[in-house]
Amino acid sequence: MIRKVSVALALVCALLFAWTARAQELTKDEKDKALAYLESSRKDVLDAVKGLTPEQWNFKPAPDRWSIAECMEHIAAAEDFIRARIEDGVMKAPAAPGRDTAAIDAGIIANVPARKNKVQAPEPIKPTNRYGSPENSVAHFLESRVKTEDFLKSTSGLRDHAADSPSGQKWDAYEFVLLIAAHSERHTNQIKEVKADPNYPKN
């Protein structure tokens with residue numbers, strides 16, 4: 001009887017050890033890097049839209065281009081959209097061993113904001129004036145960014161699951177958090193492009 005108990009205890013310990021070995025937590029440097037990126041990209045969004053007049057919010061460089069108001073709404077909606085995908089999809093996906101996470105992390109930060117390749121926004125996050133005003137879009141973005149930062153700080157196992165990404169690679173949950181920050185940086189760059197248009201209204 002004692003032998004059976006000992007064997008069972010050893011098995012439980014082995015399983016717990018295996019789970020602990022698999023569930024690698026983010027390093028402090030990784031978490032700090034992502035938090036700093038979320039904070040700096042949030043500041044850049046706010047700086048880009050500070051003090052705009054209604055004419056500046058709604059100016060469109062061309063009929064098929066987004067206004068700053070539409071960019072801001074998209075940034076706010078995408079924050080919720082991507083984080084929901086992480087929580088409801090990526091965190092339930094299986095592991096994808098053998099990925100070069102350092103290269104993927106760096107690629108997201110370098111390539112997503114660059115706007116070299118234009119892509120169509122998914123239908124659920126196209127601008128529809130869902131928040132009623134640009135100011136409400138900004139407020140929603142700030143509330144949602146707090147939730148993203150809290151998720152990063154409090155969630156375990158962000159490297160333990162990976163799902164299909166816009167790049168065609170498998171990305172883990174941490175990398176999708178980087179995407180949230182990179183996506184807002186991408187559309188901050190779009191806002192700057194709108195401001196650089198020669199017909200952009202002046203104060």
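**Helix packing and cores**

Modeller: This is a predicted model. In it, α4 makes a left-handed crossing with α6.

Biologist: At what angle do the axes of α4 and α6 cross?
Modeller: Roughly 25°, and the axes come within 9 Å. Angles under 35 degrees count as roughly parallel, so α4 and α6 are roughly parallel to each other.

Biologist: Which residues make that contact?
Modeller: From α4, they include Met72, Ile75, Arg83 and Ile86. From α6, they include Val138, Phe141, Arg145 and Phe151. By class, the contact of α4 with α6 has nine nonpolar, four polar and seven charged residues.

Biologist: And α4 with α7, parallel or antiparallel?
Modeller: Their axes cross at roughly 175° and come within 10 Å. α4 and α7 are therefore roughly antiparallel. The contact of α4 with α7 has 13 nonpolar, six polar and four charged residues.

Biologist: Switching topic. How many residues are in the largest nonpolar core?
Modeller: It has 27 residues. Ile86, Ile108, Leu152, Leu158, Tyr174 and Phe176 have the most contacts inside it.

Biologist: Which element gives the largest share of this core?
Modeller: α7, with nine residues. Elements giving two or more residues are α2, α4, α5, α6 and α7.

Biologist: What does Leu152 touch?
Modeller: Not counting residues up to four places away in sequence, its contacts include Leu26, Lys31, Leu38, Leu158, Tyr174 and Val177.

Methods: Residues numbered from 1 in each chain as written. Predicted model: local features only at pLDDT ≥ 70, side-chain atom pairs only at ≥ 80, totals over all residues. Heavy atoms only, no water. Axes fitted to C-alpha atoms, helices over the stretch in contact; angles between N-to-C directions. Helix = DSSP H or I, 4+ residues; strand = E, 2+ residues; numbered from the N terminus. Parallel < 35°, antiparallel > 145°, perpendicular 65-115°, else oblique. Nonpolar A, V, L, I, M, F, W, Y, C, P; charged D, E, K, R; others polar. Core = buried A, V, L, I, M, F, W, Y, C linked by side-chain atoms within 4.5 Å. Buried < 20%, exposed > 50% of the residue type's maximum accessible area, 1.4 Å probe, protein only. Contact = heavy atoms within 4.5 Å. Left-handed = near helix turned anticlockwise from the far one by under 90°.
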